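This report looks at two residues and then at the chain around them. Please have the sequence and the model open while reading.

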Amino acid sequence: MLLSTTARVNVLNNISGKLGSFTIGSNSNCWLGLSTVDPGNTGSSFTEPAAASNYARVNIYTLMGTPTTSGAVTSIANASDINFNMAVDQSDPSAATGADWGTIVAVGLFTASTGGSPYAWGLLDTSVSVPTKSSLHFYQGKFKISIQEAT
């Protein structure tokens with residue numbers, strides 16, 4: 001089955017939390033999560049950093065731009081920075097160690113701020129280490145979701 005440009009735009013609008021002409025889930029609940037392992041083919045291996053290290057998913061509903069199409073590829077990117085919390089030990093925020101998130105290798109989209117499995121996920125082009133007292137950011141235009149028309 002091939003998707004028209006309109007269908008690809010609608011899918012991207014929907015999975016990024018933007019209003020589209022059809023609905024996969026609640027449009028205002030698109031949460032971006034981070035994984036320290038490859039989620040695999042089903043997403044069931046998605047492993048997030050510990051909440052005790054101040055990790056939390058980010059709702060990207062208001063942060064995404066408008067889909068664009070170039071040839072057979074339709075993409076949507078963040079129009080604003082996506083900022084995750086600083087990795088700290090919530091029981092001792094002044095501690096210099098012990099709250100690192102490990103190496104982030106993948107991202108996933110969720111319908112809730114906690115729990116569940118991602119409904120879309122992908123590996124990062126380059127893995128990122130998030131040690132204690134640091135944070136992860138996707139600057140404007142650097143987080144992109146793309147759908148390519150089958151050829």
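Leaving aside residues up to four places away in sequence, asparagine 54 touches Asn85, Met86, Val88, Gln90 and Trp101, a contact being heavy atoms within 4.5 Å. The model is predicted: local features need pLDDT of at least 70, side-chain atom pairs count only at pLDDT 80 or more, and totals for chains, interfaces and linings use all residues. Residues are numbered from 1 along each chain as its sequence is written, and side-chain values use heavy atoms, without hydrogens and water.

The side chain of asparagine 54 also makes a polar contact of 2.9 Å with the side chain of glutamine 90. Such a contact is a pair of N or O atoms within 3.5 Å; within protein, one must be able to donate a hydrogen and the other to accept it, and residues adjacent in sequence count only if both atoms are side-chain atoms.

Isoleucine 60 touches Ser16, Cys30, Leu32, Ile82, Leu109 and Phe143, again not counting residues up to four places away in sequence. Isoleucine 60 and isoleucine 82 are 22 residues apart in sequence, with 7.3 Å between their C-alpha atoms.

Buried means under 20% relative accessible area, exposed over 50%, and partly exposed in between (1.4 Å probe, protein chains only).

| Residue | Relative accessible area | Class |
|---|---|---|
| Asparagine 54 | 19% | buried |
| Isoleucine 60 | 0% | buried |

Across the chain, buried residues make up 37% of the 151 residues. Of the contacts with a separation of 6 or more, 69% join residues 24 or more positions apart.
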